[in-house]
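Please have the sequence and the model open while I talk.

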Amino acid sequence: MNDIGEFTLLVALATAIYGCVAYVMSARGNRIDLYLSADKTPLIVWGCVMISSICLWRGFLTNDFSLQYVWAYSNIELDTFYKVASFWGGQKGSLLFWTLLLTTYTVVVHFQNRKKNLRVVPYAMAVLFIIIIFFLFLVNFSTNPFERIPLPPEDGRGLNPLLQNYWMVIHPPTLYLGYVGFTVPFAFAVAALISKNLDDGWIRLTRKWTLISWFFLCMGNLFGASWAYVELGWGGYWAWDPVENAAFMPLLIATAFLHSVMIQEKKDMMKVWNMSLILLTFVMTIFGTFITRSGLIQSVHTFDEATLGYYFLAFLFVILFSCMALIIARLPLLKSENQLDSFLSRESSFLFNNLLLLGIAFATFWGTIFPIISEAVRGIKITVGPPFYNQVNVPIGLALLALVGIGPVIAWRRATVSNLKKNFFKPLAAAFIAAVALAPVIPLGSRVENYTYITFVLCVFVLACILIEFFKGTAARMGLHEESMFGALATVTWRNKRRYGGYIVHIGIVLIFAGIAGSQAYGTHVEKHLKTGETFKIRGYDITYEKLVAIEATSVKTRVIAQLQVERNGSHYWTARPEKEFYKGQNQPVSEVDVLSTWKEDLYMILADFRDDESATIKVYVNPMVSWMWTGGWVIAFGTMISMWPDRLEQRRRLERFRREETLFPSPAQE
Amino acid sequence: MHMLKFFLSIFVAAWFVVSAPEISQAGSLLQDLENALMCKCDDKCGKVLINCTCSTSDKTRAKFTKLLDSGLTVDQIIKSQVDKYGETVLSAPTKFGFNLTAWVMPFVALIAGGVGVRKIINSWIGKKQKPDSEDVPEEKSATPGKYSKRLQDELDGIEL
């Protein structure tokens, strides 16, 4: 089976090279025979990569330690659940997994577009194939997951204990789905540049791809935060680690892209800008991969082998410079009749939203690479950690939060004084009431506390803006049709999925901002060394340490569990069981925290240390409003689903528009 | 002139934020140290001390507690750590010398971007106003003032 896995990777590479050449030649020479021949290659490549992946999964599930990769990331005792996830636990498998996702996306793109848009699609497929070829080259010749061990050992080294968490099955695939997904809009953007079809056709074709990729990247970041929160045991969820930054930057740029494409769709403006943004988003996904795999920057996420980073760096530069050259070459065609009626308009607010999003992305990028710059200039490697990012990004983030409220409410084209008064009076009044009401309740003084106060006031302002928009739509519907309030609300949302779905996503963003602010400013923690039966207090909780239990969970894992009783107002509230897990052959034990999460706050318990006399060091965090962030994530998921839901009305409008403009990309046969 | 004032005020605000003294969340001195210093364990975990849970970080915390109890200030302990490990032990760049560029550059980029956006918007508005005034002066004057204003208000209220 391993030979089959290795062989199919080679077949996939050869087929991808052929497919890429055939697609380009079919488009350039207008040769339908070559197009029909290339038409079969996406499925063949996907099939080969899938077979190869199944072979590797089989290796994990059957404990085939003749495979070096299986030996390095699995062992006999490992749960089947984690054996499946071990596939992407290391460098080699994760690259194969990336290739599998990319070929899967390519097949879907192929089936969606094989009989239409024939001026653009062959080039888009060729670009997708170039990226597939790069990854297949790596898995064939640099990081082959089917590398053998001549004398197979009886057992494997096992998966890193930190990765033995259910999030391991969810977080990396979600993030990869986002990362890889942006390849599709990028490929269509490049194809539009090559084929000179530079209207908003490529944006409309890839809108759902962009939304899906954005959604997965957003959820991937949140899942990663959630994983860090429950696994790393330091009471936090985001450490501004370089690899966290690497996943955060494309998300910011993609968010800017999602907003600015609306202006191109509505007003046929900002073509160069949108091209640049999608190029930058893709480049940032490759940059993130470079950081993870180069070992250049210290991070908890980096893989063992460092040399691979240079392949990514070379690929990054090739992509960057070739796309820049292409944009420059097409500049005359990308020029549009840019006109704005007023500085005070939604169009302007979108531009400032782009500026702030890119400002945060740049600050994050700058902080990530500054240690390298410092080493190059001064010969001293410094660290750029959370204090830097918090001080720089928080004020920009707050300005962005204000724009989340202003953007949807301010009028398109021109905002007059009268409509500014009309649209903003109520939200500003709500924000003013919130500011007055919160001032005596919320502690003020330190920078964090002041920022938190501003955040809460802005959250109220944004929520008011959005809810008033919902109310206006619902009231108008109720006035025209005899519908109940909920019926009208549902109809209004359903008939304008993109707009109201977007508003719901904004509500999710508000919840995340509020959650971050609350947990950063008002959290507290205490660390106590306790003997059995001892009690201590934190924020109204009485915590009694009861006992310590050691369990031999498996032949390689021992669990040491502390049991604590939590009382509130004199009555039993919760039994906490934080633990430490010791794995054979691992230097450091792994903390398994116990968390009781409520809407108000999380009670977060860590067993920090213990002694032979059963005394234990317990660390307790009270983290307010953390669950708001996770709720915000689900609200974003709900809003994105509504935005992406197929819309017959929009399809009909688009069809009518296509008819008016004849066809967007006429096929060679129609010419 | 207004634009200059606008961006100058942003710059001053940004500078205020950057140069304002850091105040710890819980106000504890140990927490100040944990926030300011990196963990220097053998595994090179790359975590800020407050985020690290390894055995080295526990020992470091215990050591810092003793040093604080002995009367050393936070700054003195940080200086001793920098003398021992170099600047890399600090969790953020210092705010002087070359390191200042780390702090200033994001805001410089943001302000430059802001000026650029403002100029672009102005040029787009200029394009729009020019043909309007040249091509349709008669139509405009033909519409009575109150109806024109009402039409404009209605158009402003329309959600496209």
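This is a predicted model: local features need pLDDT of at least 70, side-chain atom pairs count only at pLDDT 80 or more; totals for chains, interfaces and linings use all residues.

Residues are numbered from 1 along each chain as its sequence is written, chains are lettered from A and ligands numbered from 1 in the order in which they are written, and side-chain values use heavy atoms, with hydrogens and water left out.

Okay, the interface. Chain A puts 62 residues into the contact and chain B puts in 56, where contact means heavy atoms within 4.5 Å.

How many salt bridges cross between chain A and chain B? The rule finds one, and it takes a side-chain nitrogen of Lys or Arg within 4 Å of a carboxyl oxygen of Asp or Glu. The partners are R378(A) and E87(B), at 2.7 Å from N to O.

Which element gives the largest share of chain A's side? That's α15(A), with 15 residues. Helices here are DSSP runs (H or I, at least four residues), numbered from the N terminus.

Now the loop. Q164(A) sits between α7 (121-141) and α8 (167-181) of chain A. Is Q164(A) buried or exposed? Buried, at 15% relative accessible area; buried means under 20%, exposed over 50%, partly exposed in between (1.4 Å probe, protein chains only). Leaving out residues up to four places away in sequence, Q164(A) touches L78(A), Y82(A), L159(A) and Y583(A).

Last, the rings. Over all chains there are 53 aromatic pairs. Rings of Phe, Tyr and Trp (its six-membered ring) pair if their centres lie within 6.5 Å; planes under 30 degrees apart are stacked, over 60 edge-to-face, and the rest tilted. W202(A) and F257(A) have centres 6.0 Å apart and planes at 25°, so they're stacked. That pair links α10 and α11 of chain A, 55 residues apart, and both residues are buried. F456(A) and Y522(A), at 6.4 Å and 35°, are tilted. Both of those are buried too.

How values were computed
Helices (H or I, at least four residues) and strands (E, at least two) are DSSP runs, numbered from the N terminus.
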